[in-house]
Every structure is written in C-alpha cells, then in structure tokens.
Amino acid sequence: MASVDRERDERDELDLNKFNSIIDEYSSSFKNPPKNARQLVQFCKDKDYNYKYGELNPFYSIWSRQQSSKTAGATAGGLTLGNIECEESEEAEINWESFW
C-alpha cells in the first residue's frame, strides 16, 4: 500500500495543460499525430513522464474525436486551404468543458 502512495507522489497528476503539452511535444517530435493512446503511453515512457494508459486514454479519446471532427468538417464543408488554416488557428485550444 505504501509503495502505491509513493509511486503516486513521484508523478504529477495528469491534467488538461499537461496533456496539451505532451501532445505539443509529440507533434514536434513526430510528423504524424498519435493514432492511439498506446503511442502516447510509449512516448511518455521514453520521456520518463510515467503516465499510465488509464490516465492518458480519456484525454486522448476526446482529443482524437475533436481532431476527426475538424477534418470531417473541413472536407464536408468544401473549405479552401486558406479557410482551413484560419479555422485551425482559431480552434487551436481544446474545449474540454463541452465534453464533460
């Protein structure tokens, strides 16, 4: 029991800001975005962040749904490349409250 408490104390609690910074760091390291939460878990292991799948997966699920809705809206709406870039820069921040 004490080892569980010690392990929890050694790592930070994952929150929205930390998840966004992990995604930003992942994006700067790799050309393509992560395809699943397991890729983020491996990335965090490599960086010694010590976040588990159960912590990353809820954030990743919401983030990936937002990313897919952005691309689906862009292709379905018939937007030009200039409009897509403009729209992405306005919606760069993830609105997590809308999903909870």
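This is a predicted model: local features need pLDDT of at least 70, side-chain atom pairs count only at pLDDT 80 or more; totals for chains, interfaces and linings use all residues.
Select Ile23 first, a residue whose place is in helix 2, where helices (H or I, at least four residues) and strands (E, at least two) are DSSP runs numbered from the N terminus. At 6% relative accessibility, Ile23 counts as buried, a word that here means under 20% relative accessible area, with exposed meaning over 50% and partly exposed in between (1.4 Å probe, protein chains only). Leaving aside neighbours within four places in sequence, Ile23 is in contact with Pro34, Leu40 and Trp63, contact being heavy atoms within 4.5 Å.

Residues are numbered from 1 along each chain as its sequence is written, and side-chain values use heavy atoms, with hydrogens and water left out.

Next, select residues 16-29, which make up helix 2: its 14 residues reach 20 Å from the first C-alpha to the last, close to the 20 Å expected at 1.5 Å a residue, the expected span being 1.5 Å times one less than the number of residues. Colour Phe19, Ile22, Ile23 and Tyr26, the buried residues of helix 2. Seen down the axis of helix 2, these buried residues fall within an arc of 100°, so they line one face of the helix; the arc is that of the directions from the helix axis to the C-beta atoms. An α-helix has 3.6 residues a turn, so residues three or four places apart point the same way. Turn to the face of helix 2 that looks away from its buried side, and you will find the exposed residues Asn17, Asp24 and Ser28.

Move on to helix 3 (37-46), in which Ala37, Leu40, Val41, Phe43 and Cys44 are buried. Viewed down the axis of helix 3, its buried residues fall within an arc of 165°, so they too line one face of the helix, whereas the face turned away from the buried side carries the exposed residues Arg38, Lys45 and Asp46. At the start of helix 3, look for a side-chain oxygen of Asn36, which reaches to within 3.2 Å of the backbone nitrogen of Arg38. Just after helix 3, Asp48 takes a positive phi of about 60°.

Now show the largest nonpolar core, which has 19 residues, those with the most contacts inside it being Phe19, Ile22, Leu40 and Leu56; such a core is a set of buried Ala, Val, Leu, Ile, Met, Phe, Trp, Tyr and Cys residues joined through side-chain atoms within 4.5 Å. The elements that give two or more residues to this core are helix 2, helix 3 and helix 4. Centre the view on Leu56, and, not counting residues up to four places away in sequence, you will see it touch Leu14, Phe19, Ile22, Leu40, Val41, Cys44 and Tyr51.

The next stop is Gln66, in helix 4 (residues 53-76), which counts as buried at 12% relative accessibility. Apart from residues up to four places away in sequence, Gln66 touches Ile94, Asn95 and Phe99.

Finally, zoom out to the protein chain, whose secondary structure comes to five helices and zero strands. Of its 100 residues, 23% count as buried.

Methods
A polar contact is a pair of N or O atoms within 3.5 Å; within protein, one must be able to donate a hydrogen and the other to accept it, and residues adjacent in sequence count only if both atoms are side-chain atoms.
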